[in-house]
Amino acid sequence: MLVLFETAAGYAIFKVLDESKLQEVDSLWKEFETPEKANKVVKLKHFEKFQDTTEALAAATAMTEGKMGKSLKKVLKKVVAKEAHEQLAISDAKLGGVIKEKLNLSCVHSPAVAELMRGIRTQMESLITGLPPREISAMSLGLAHSLSRYKLKFSPDKVDTMIVQAISLLDDLDKELNNYIMRCREWYGWHFPEVGKIITDNLAYCKSVRKIGARTNVATTDLSEHLPEEVEAEVKLAAEISMGTEVSEEDIGNIMHLCDQVIEITEYRTQLYDYLKNRMMAIAPNLTVMVGELVGARLISHAGSLLNLAKHPASTVQILGAEKALFRALKTRRDTPKYGLIYHASLVGQTSAKNKGKISRMLAAKASLAIRYDALGEDTNAEMGVENRAKLEARLRHLEEKGVSSSLSLPLTVNKKGRLSGLSMKKL
């Protein structure tokens, strides 16, 4: 039996001298306790050294993907093909299938082979001659760095990280903005409480407060840039009869700084949302068309990556984000949730309460197909998403019309007193 052993420095082919020892798997490690014992079990037949780190990286990446690289094919043709009758022991069963298919060599992968590989690795320095330990260490370190850099550069999930970080930051910004705006309204409300009810838009409120400053400046301040004419007139009228307390210049200064923060964060949030929208349309256009960029990004973030999300069935996509409710329902033997994050999609939102479950199920099924198309397909267009969304909208209209027509087509009868029966007056 021959053994294919991979190292960072090259490929080694060993010849098993005593195959009977492989029968005792549990005690095989004793045969590799010392270099002398190890040399009685296996003998180095050929060692193919890598020319440089590039060749080592190519061989390592091919090995991790279960493919046969050029250097490995060269070694097998040179050494193993001469003894085609011998079995080849390998550490990866998938690679064995490729070798058998391409070179017609009989490959073996078993617990005994795994234990043999472990033994060879412990005595590698003594078994592979002509390769100093320092050189093996340097090659291992260089290959580790190159492989890590390659994986980071060519990882298919690396772009998803941008979406996951962007949606997480967007949620954090929303929380911070809500806290800041609430604090700003409450703080400035002591001085000018009426303006809080008049100006409902938060950004317009902060910009107006930033321009007004003290309440006494309202009459001479032009707010037409931030407010409609009638709202501006209402603010000026309210300032004349305001019941707010007087505050110092230092207080107003701090409130203005807070308004600056709110305006700055809001502008950054708008820019971040545009960035997220562009990213989603580039990476998952069909999913974005189906559920919207925010819901799509949250689904990807919740699953970890677009590829992980593509592995989920439609039933999981439907309740993704409602795990606590699902397990609680299973534990208490009650109805399981009908939707999770997908509830916030526009198609589910515009549906009547009675049909939300049906639409969320259908949307999850179509969204699941869209996710797989985006993650695994080669095209980058959104035609499939547009087509499926049109089908769902047609189905939604049909369900809504069916619900209205069924409520109107209930049988009506007139009783002896001349009143309608069979349908309550409330339903009419």
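Q: Is His 191 buried or exposed?
A: This is a predicted model, so the call rests on computed values. Buried means under 20% relative accessible area. His 191 comes in at 3%, so it counts as buried.

Q: Where is His 191 placed, and which residues is it in contact with, leaving aside neighbours within four places in sequence?
A: His 191 sits in the loop between helix 8 (158–189) and helix 9 (194–198). With those sequence neighbours left aside, its contacts are Gly 213, Ala 214, Arg 215, Ser 242, Gly 244, Thr 245, Glu 246, Val 247 and Ile 252.

Q: How far apart are the end C-alpha atoms of helix 5?
A: Helix 5 (residues 111–122) has 12 residues, so at 1.5 Å a residue it should span 16 Å. The model agrees with that: the end C-alpha atoms are 17 Å apart.

Q: Which residue of strand 3 stands opposite Ile 13?
A: Strand 2 (residues 10–16) pairs with strand 1 (residues 2–6) in the antiparallel sense over 5 bridges. Strand 2 also runs antiparallel to strand 3 (residues 42–49), joined by 7 bridges. In strand 3, the residue opposite Ile 13 is His 46.

How values were computed: Residues numbered from 1 in each chain as written. Predicted model: local features only at pLDDT ≥ 70, side-chain atom pairs only at ≥ 80, totals over all residues. Heavy atoms only, no water. Helix = DSSP H or I, 4+ residues; strand = E, 2+ residues; numbered from the N terminus. Buried < 20%, exposed > 50% of the residue type's maximum accessible area, 1.4 Å probe, protein only. Contact = heavy atoms within 4.5 Å. Expected span 1.5 Å × (residues − 1). Pairing = 2+ DSSP bridges.
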